[in-house]
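Colleague: I have the model open and would like to go through it piece by piece. Please start with the strands.

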Amino acid sequence: MDVFGQNGVCVHADSNRLFVDACKKRNETIVISHAHSDHARISQTNRYLMTPATAEMVRGRLRPDQLQVLPLGRTAEVNGFGVSLHEAGHIFGSAQVKIANGLTTVVTADMKLQKSLINEPAEILKSDVLVIESTFGKPEYAFPPREKVYEDLMLWAARNIQRKHFIVLSGYATGKAQELTKFCNEFLGETPIVHERVFEQNQACEKHGLKLGGYLKLDHNLKDANVLIVPPSLADPHLFQVIEHFTGKKALSAMATGWPGNRGFSKTFPLSDHADFNQLLEYVRQSEPRQVLTQYGFPREFAFQVRRKLGIPARELDAKGQKTMGEYAG
Ligand SMILES: [Zn+2]
(Lines give C-alpha, C1' and ligand atoms only; values in the text may rest on other atoms or scores of the structure.)
Protein backbone atom coordinates (compact mmCIF):
# COMPACT_ATOMS: atom_id res chain seq x y z
CA MET A 1 0.00 0.00 0.00
CA ASP A 2 1.18 3.54 -0.79
CA VAL A 3 -0.08 6.71 0.82
CA PHE A 4 1.11 9.97 -0.66
CA GLY A 5 0.13 13.59 -1.07
CA GLN A 6 -0.81 15.47 -4.18
CA ASN A 7 -2.42 18.55 -2.62
CA GLY A 8 -4.80 16.12 -0.94
CA VAL A 9 -4.09 12.50 -0.02
CA CYS A 10 -3.98 9.44 -2.27
CA VAL A 11 -4.17 5.85 -1.04
CA HIS A 12 -3.09 3.11 -3.47
CA ALA A 13 -3.48 -0.58 -2.76
CA ASP A 14 -3.11 -3.26 -5.43
CA SER A 15 -4.89 -1.75 -8.43
CA ASN A 16 -7.29 0.32 -6.31
CA ARG A 17 -6.83 3.96 -5.48
CA LEU A 18 -8.72 6.49 -3.46
CA PHE A 19 -8.33 10.25 -3.24
CA VAL A 20 -9.15 12.61 -0.40
CA ASP A 21 -9.46 16.40 -0.84
CA ALA A 22 -8.05 18.74 -3.46
CA CYS A 23 -6.42 16.11 -5.71
CA LYS A 24 -5.86 17.38 -9.22
CA LYS A 25 -7.42 14.36 -10.90
CA ARG A 26 -9.97 13.75 -13.63
CA ASN A 27 -12.71 11.12 -13.77
CA GLU A 28 -12.14 9.96 -10.21
CA THR A 29 -14.18 9.69 -7.03
CA ILE A 30 -12.77 12.10 -4.45
CA VAL A 31 -13.74 12.15 -0.79
CA ILE A 32 -14.08 15.72 0.51
CA SER A 33 -13.43 16.28 4.22
CA HIS A 34 -15.02 19.73 4.58
CA ALA A 35 -16.21 22.82 2.74
CA HIS A 36 -13.10 25.05 2.94
CA SER A 37 -12.02 25.82 -0.61
CA ASP A 38 -8.46 24.51 -0.18
CA HIS A 39 -9.97 21.06 0.49
CA ALA A 40 -13.23 21.12 -1.51
CA ARG A 41 -11.73 21.76 -4.95
CA ILE A 42 -14.49 20.89 -7.38
CA SER A 43 -13.84 19.96 -11.02
CA GLN A 44 -16.54 19.11 -13.51
CA THR A 45 -15.17 15.64 -14.37
CA ASN A 46 -15.01 14.07 -10.91
CA ARG A 47 -17.52 12.50 -8.54
CA TYR A 48 -17.49 13.55 -4.90
CA LEU A 49 -18.38 11.95 -1.61
CA MET A 50 -18.96 14.14 1.48
CA THR A 51 -21.25 14.69 4.47
CA PRO A 52 -24.75 16.09 3.78
CA ALA A 53 -23.87 19.38 5.54
CA THR A 54 -20.68 19.84 3.50
CA ALA A 55 -22.67 19.12 0.34
CA GLU A 56 -25.09 21.90 1.29
CA MET A 57 -22.21 24.33 1.81
CA VAL A 58 -20.57 23.62 -1.59
CA ARG A 59 -23.81 22.94 -3.47
CA GLY A 60 -23.49 25.83 -5.92
CA ARG A 61 -20.29 24.31 -7.28
CA LEU A 62 -21.56 20.73 -7.85
CA ARG A 63 -23.93 19.06 -10.31
CA PRO A 64 -26.32 16.65 -8.58
CA ASP A 65 -24.94 13.70 -10.57
CA GLN A 66 -21.45 14.38 -9.21
CA LEU A 67 -22.49 14.03 -5.60
CA GLN A 68 -22.78 11.12 -3.18
CA VAL A 69 -23.51 12.06 0.43
CA LEU A 70 -22.40 9.90 3.34
CA PRO A 71 -23.56 10.77 6.88
CA LEU A 72 -21.07 10.53 9.75
CA GLY A 73 -20.53 6.99 11.02
CA ARG A 74 -21.84 5.17 7.92
CA THR A 75 -19.64 3.15 5.55
CA ALA A 76 -19.63 3.17 1.76
CA GLU A 77 -17.67 1.01 -0.67
CA VAL A 78 -15.54 3.24 -2.91
CA ASN A 79 -13.06 1.82 -5.44
CA GLY A 80 -12.59 -1.34 -3.36
CA PHE A 81 -12.09 0.49 -0.05
CA GLY A 82 -14.48 0.71 2.88
CA VAL A 83 -14.83 4.44 3.50
CA SER A 84 -16.46 6.04 6.53
CA LEU A 85 -16.62 9.66 7.70
CA HIS A 86 -16.22 10.74 11.33
CA GLU A 87 -16.54 13.99 13.28
CA ALA A 88 -13.49 16.22 12.77
CA GLY A 89 -14.54 19.06 15.08
CA HIS A 90 -13.16 21.59 12.57
CA ILE A 91 -16.22 23.36 11.08
CA PHE A 92 -19.86 22.37 10.70
CA GLY A 93 -20.07 19.26 8.49
CA SER A 94 -16.35 18.52 8.66
CA ALA A 95 -15.21 14.91 8.66
CA GLN A 96 -12.18 12.73 9.07
CA VAL A 97 -11.90 9.94 6.53
CA LYS A 98 -11.36 6.32 7.61
CA ILE A 99 -10.24 4.00 4.81
CA ALA A 100 -10.23 0.26 5.36
CA ASN A 101 -8.66 -2.40 3.15
CA GLY A 102 -7.16 -4.83 5.65
CA LEU A 103 -5.17 -1.94 7.12
CA THR A 104 -6.94 1.12 8.50
CA THR A 105 -5.77 4.47 7.18
CA VAL A 106 -7.19 7.58 8.83
CA VAL A 107 -6.95 11.00 7.18
CA THR A 108 -7.81 13.62 9.80
CA ALA A 109 -7.75 16.56 7.35
CA ASP A 110 -8.33 19.77 9.38
CA MET A 111 -9.49 18.95 12.89
CA LYS A 112 -9.52 20.03 16.51
CA LEU A 113 -10.15 18.31 19.84
CA GLN A 114 -11.70 21.39 21.50
CA LYS A 115 -15.48 21.47 21.76
CA SER A 116 -16.90 24.71 20.37
CA LEU A 117 -20.30 26.40 20.12
CA ILE A 118 -20.64 24.67 16.74
CA ASN A 119 -18.78 21.36 16.92
CA GLU A 120 -18.20 18.40 19.12
CA PRO A 121 -14.49 17.53 19.42
CA ALA A 122 -12.91 15.30 16.76
CA GLU A 123 -13.51 11.61 17.35
CA ILE A 124 -10.13 9.97 17.98
CA LEU A 125 -9.92 7.01 15.58
CA LYS A 126 -7.63 4.00 15.94
CA SER A 127 -5.41 3.59 12.90
CA ASP A 128 -2.57 1.66 11.34
CA VAL A 129 -1.55 4.60 9.18
CA LEU A 130 -2.46 8.07 10.44
CA VAL A 131 -2.32 11.01 8.05
CA ILE A 132 -2.65 13.96 10.41
CA GLU A 133 -2.73 17.69 9.80
CA SER A 134 0.13 19.67 11.37
CA THR A 135 -1.00 23.26 10.81
CA PHE A 136 0.04 24.23 14.36
CA GLY A 137 2.56 21.41 14.72
CA LYS A 138 5.16 23.22 16.84
CA PRO A 139 5.20 23.24 20.68
CA GLU A 140 4.94 27.05 20.79
CA TYR A 141 1.32 26.79 19.57
CA ALA A 142 -0.78 26.23 22.68
CA PHE A 143 -4.35 27.52 22.70
CA PRO A 144 -6.20 28.49 25.88
CA PRO A 145 -9.47 26.72 26.75
CA ARG A 146 -12.21 27.85 24.34
CA GLU A 147 -14.53 28.99 27.14
CA LYS A 148 -11.78 31.37 28.31
CA VAL A 149 -11.47 32.85 24.80
CA TYR A 150 -15.26 33.26 24.56
CA GLU A 151 -15.19 35.04 27.90
CA ASP A 152 -12.33 37.38 26.89
CA LEU A 153 -14.07 38.21 23.61
CA MET A 154 -17.35 38.80 25.43
CA LEU A 155 -15.76 41.17 27.95
CA TRP A 156 -13.97 43.16 25.22
CA ALA A 157 -17.03 43.40 22.94
CA ALA A 158 -19.57 44.14 25.71
CA ARG A 159 -17.38 46.88 27.18
CA ASN A 160 -17.02 48.57 23.80
CA ILE A 161 -20.69 48.25 22.88
CA GLN A 162 -21.47 49.92 26.20
CA ARG A 163 -19.13 52.76 25.18
CA LYS A 164 -21.24 53.17 22.00
CA HIS A 165 -18.58 51.73 19.70
CA PHE A 166 -19.39 49.48 16.71
CA ILE A 167 -17.85 45.98 16.71
CA VAL A 168 -16.61 44.24 13.57
CA LEU A 169 -15.89 40.53 14.06
CA SER A 170 -13.89 38.86 11.34
CA GLY A 171 -13.74 35.16 10.50
CA TYR A 172 -13.99 32.92 7.45
CA ALA A 173 -17.51 32.87 6.01
CA THR A 174 -17.39 29.07 6.01
CA GLY A 175 -16.77 27.91 9.55
CA LYS A 176 -15.64 30.66 11.89
CA ALA A 177 -18.47 33.04 10.99
CA GLN A 178 -21.08 30.51 12.20
CA GLU A 179 -19.34 30.33 15.56
CA LEU A 180 -19.19 34.14 15.77
CA THR A 181 -22.89 34.40 14.89
CA LYS A 182 -23.83 32.01 17.67
CA PHE A 183 -21.38 33.71 20.04
CA CYS A 184 -23.09 37.10 19.51
CA ASN A 185 -26.46 35.61 20.37
CA GLU A 186 -25.38 33.50 23.33
CA PHE A 187 -22.64 35.57 24.95
CA LEU A 188 -23.51 39.17 23.99
CA GLY A 189 -27.28 38.99 23.60
CA GLU A 190 -26.78 40.82 20.27
CA THR A 191 -28.28 40.06 16.87
CA PRO A 192 -25.36 40.64 14.46
CA ILE A 193 -25.50 41.90 10.89
CA VAL A 194 -23.63 39.46 8.66
CA HIS A 195 -22.08 39.79 5.22
CA GLU A 196 -23.99 38.10 2.39
CA ARG A 197 -21.47 35.21 2.13
CA VAL A 198 -21.79 34.60 5.85
CA PHE A 199 -25.59 34.78 5.57
CA GLU A 200 -25.61 32.10 2.85
CA GLN A 201 -23.36 29.74 4.80
CA ASN A 202 -25.32 30.30 8.02
CA GLN A 203 -28.49 29.33 6.17
CA ALA A 204 -26.84 26.24 4.63
CA CYS A 205 -25.78 25.05 8.10
CA GLU A 206 -29.20 25.75 9.61
CA LYS A 207 -30.79 23.54 6.93
CA HIS A 208 -28.82 20.70 8.51
CA GLY A 209 -29.84 21.33 12.08
CA LEU A 210 -27.38 23.94 13.36
CA LYS A 211 -29.07 26.59 15.54
CA LEU A 212 -27.29 29.94 15.44
CA GLY A 213 -29.83 32.39 16.88
CA GLY A 214 -30.74 35.61 15.06
CA TYR A 215 -28.77 37.43 12.34
CA LEU A 216 -29.50 40.06 9.70
CA LYS A 217 -28.14 40.17 6.16
CA LEU A 218 -26.00 43.26 5.52
CA ASP A 219 -28.14 45.56 3.40
CA HIS A 220 -27.73 49.29 4.14
CA ASN A 221 -28.80 48.47 7.70
CA LEU A 222 -25.69 49.17 9.77
CA LYS A 223 -27.73 51.26 12.18
CA ASP A 224 -29.84 48.22 13.13
CA ALA A 225 -27.12 46.45 15.15
CA ASN A 226 -23.95 46.90 17.18
CA VAL A 227 -22.00 44.05 15.60
CA LEU A 228 -21.07 43.14 12.01
CA ILE A 229 -19.53 39.79 11.00
CA VAL A 230 -17.45 39.79 7.80
CA PRO A 231 -14.84 37.57 6.09
CA PRO A 232 -11.25 38.72 6.84
CA SER A 233 -10.64 39.91 3.27
CA LEU A 234 -13.34 42.58 3.68
CA ALA A 235 -12.33 43.89 7.10
CA ASP A 236 -10.21 46.84 5.98
CA PRO A 237 -9.89 50.58 6.70
CA HIS A 238 -12.39 51.39 3.95
CA LEU A 239 -15.07 49.28 5.65
CA PHE A 240 -14.36 50.92 9.00
CA GLN A 241 -14.75 54.38 7.39
CA VAL A 242 -18.09 53.36 5.89
CA ILE A 243 -19.29 52.07 9.27
CA GLU A 244 -18.22 55.24 11.05
CA HIS A 245 -19.91 57.37 8.36
CA PHE A 246 -23.27 55.54 8.56
CA THR A 247 -23.44 54.83 12.28
CA GLY A 248 -21.59 57.81 13.73
CA LYS A 249 -19.76 55.31 15.95
CA LYS A 250 -16.10 54.42 16.19
CA ALA A 251 -15.49 50.98 14.63
CA LEU A 252 -13.37 48.45 16.53
CA SER A 253 -12.38 45.15 14.96
CA ALA A 254 -11.45 41.70 16.21
CA MET A 255 -10.11 38.73 14.29
CA ALA A 256 -10.65 35.15 15.48
CA THR A 257 -7.54 33.13 14.57
CA GLY A 258 -4.90 30.83 16.00
CA TRP A 259 -2.11 32.83 14.34
CA PRO A 260 -0.49 35.45 16.58
CA GLY A 261 -0.19 39.13 15.61
CA ASN A 262 -2.78 41.86 15.13
CA ARG A 263 -2.67 42.17 11.30
CA GLY A 264 -4.51 45.49 11.26
CA PHE A 265 -7.25 44.49 13.71
CA SER A 266 -7.88 46.21 17.05
CA LYS A 267 -7.63 42.78 18.72
CA THR A 268 -7.11 39.12 17.82
CA PHE A 269 -8.56 36.23 19.80
CA PRO A 270 -7.04 32.72 19.59
CA LEU A 271 -10.24 31.05 18.47
CA SER A 272 -8.77 28.48 16.10
CA ASP A 273 -10.56 25.68 14.25
CA HIS A 274 -7.37 23.61 14.23
CA ALA A 275 -5.75 21.49 16.90
CA ASP A 276 -2.83 23.07 18.74
CA PHE A 277 0.39 21.14 19.27
CA ASN A 278 -0.76 19.28 22.39
CA GLN A 279 -4.08 18.27 20.80
CA LEU A 280 -2.20 16.91 17.76
CA LEU A 281 0.14 14.89 19.96
CA GLU A 282 -2.77 13.61 22.06
CA TYR A 283 -4.59 12.48 18.93
CA VAL A 284 -1.56 10.50 17.75
CA ARG A 285 -1.04 8.94 21.19
CA GLN A 286 -4.63 7.69 21.43
CA SER A 287 -4.89 6.66 17.77
CA GLU A 288 -1.97 4.22 18.28
CA PRO A 289 -0.83 4.16 14.64
CA ARG A 290 2.13 2.19 13.37
CA GLN A 291 3.04 5.00 10.97
CA VAL A 292 2.30 8.73 11.11
CA LEU A 293 2.33 10.92 8.01
CA THR A 294 2.05 14.68 8.54
CA GLN A 295 0.74 17.38 6.23
CA TYR A 296 0.13 21.16 6.23
CA GLY A 297 1.80 23.84 8.32
CA PHE A 298 4.82 22.32 10.06
CA PRO A 299 4.92 18.70 8.84
CA ARG A 300 8.64 18.03 9.40
CA GLU A 301 8.67 19.68 12.80
CA PHE A 302 5.62 17.76 13.99
CA ALA A 303 6.88 14.43 12.61
CA PHE A 304 10.11 15.00 14.55
CA GLN A 305 8.14 15.60 17.77
CA VAL A 306 6.04 12.45 17.22
CA ARG A 307 9.20 10.37 16.84
CA ARG A 308 10.88 12.02 19.82
CA LYS A 309 7.98 12.17 22.29
CA LEU A 310 5.97 9.08 21.31
CA GLY A 311 8.55 6.87 19.61
CA ILE A 312 6.24 6.24 16.63
CA PRO A 313 7.65 6.29 13.07
CA ALA A 314 6.59 9.62 11.57
CA ARG A 315 7.47 11.67 8.52
CA GLU A 316 6.08 14.29 6.20
CA LEU A 317 3.59 12.96 3.67
CA ASP A 318 5.52 12.46 0.42
CA ALA A 319 4.45 14.04 -2.81
CA LYS A 320 5.08 10.72 -4.56
CA GLY A 321 4.44 7.16 -3.46
CA GLN A 322 7.69 5.48 -2.55
CA LYS A 323 6.95 3.40 0.56
CA THR A 324 5.24 0.07 0.56
CA MET A 325 2.99 -1.79 2.92
CA GLY A 326 6.07 -3.37 4.55
CA GLU A 327 6.82 -0.09 6.24
CA TYR A 328 3.33 0.25 7.67
CA ALA A 329 3.20 -3.34 8.82
CA GLY A 330 6.54 -3.02 10.64
ZN1 LIG B 1 -10.35 23.85 6.90
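Colleague: In which sense do E9 and E10 pair, and over how many bridges?

Modeller: This is a predicted model, in which local features need pLDDT of at least 70, side-chain atom pairs count only at pLDDT 80 or more, and totals for chains, interfaces and linings use all residues. Residues are numbered from 1 along each chain as its sequence is written. Strands (E, at least two residues) and helices (H or I, at least four) are DSSP runs numbered from the N terminus, and two strands pair if DSSP finds at least two bridges between them. E9 and E10 pair in the antiparallel sense, and the number of bridges is five.

Colleague: Which residue takes a positive phi in the hairpin of E9 and E10?

Modeller: Val97 stands opposite Val107 in E10. The hairpin has one residue between the strands. Its positive phi, near 95°, belongs to Gly102.

Colleague: How many of the seven residues of E9 are buried?

Modeller: A residue is buried if 20 or more other C-beta atoms lie within 10 Å of its own, exposed if 12 or fewer, and partly exposed in between, with C-beta atoms placed from the backbone. E9 (residues 95-101) pairs with E8 over six antiparallel bridges, and Glu87 stands opposite Ala95 in E9. E9 is largely enclosed by the rest of the structure, because its buried residues number five of the seven.

Colleague: What does the twist of the seven-stranded sheet average from one strand to the next?

Modeller: The open sheet runs E7-E8-E9-E10-E11-E18-E19, with mixed pairing. E7 (75-78) and E19 are at the edges with a single partner strand each, so one side of each has no neighbour in the sheet. From one strand to the next, the twist averages 20°.

Colleague: What angle does the direction of H6 make with that of E11?

Modeller: Axes are lines fitted to C-alpha atoms, for helices over the stretch in contact, and angles run from 0 to 180 degrees between N-to-C directions. On the sheet, E7 and E8 (residues 81-87) share four antiparallel bridges. H6 packs on this sheet and touches E10 (103-107), E11 (129-133) and E18, and its angle with E11 is about 170°.

Colleague: Which are the edge strands of the six-stranded sheet?

Modeller: This second sheet is open, with parallel pairing and the order E14-E13-E15-E12-E16-E17. Two strands in it pair on one side only, and these edge strands are E14 (216-217) and E17 (267-269).

Colleague: Which strands does H5 lie across?

Modeller: Helix H2 (residues 146-162) lies across E12, E16 (251-256) and E17, at about 150° to E17. Helix H5 (residues 237-247) runs at about 140° to E16, and the strands it lies across are E12, E15 and E16.

Colleague: How many residues does each domain give to the contact?

Modeller: The bounds come from an automatic or database domain assignment, which gives domain 1 (2-141 + 274-329) and domain 2 (146-269). Their C-alpha centres lie 30 Å apart. Domain 1 gives 16 residues to the contact, and domain 2 gives 15 residues.

Colleague: Is Lys164 buried or exposed?

Modeller: Most residues other than glycine have a negative phi. Lys164 has a positive one, near 70°, and sits in the loop between H2 and E12. Because Lys164 has 11 C-beta neighbours inside 10 Å, it counts as exposed.

Technical notes:
Two residues are in contact if their C-beta atoms, placed from the backbone, lie within 7 Å.
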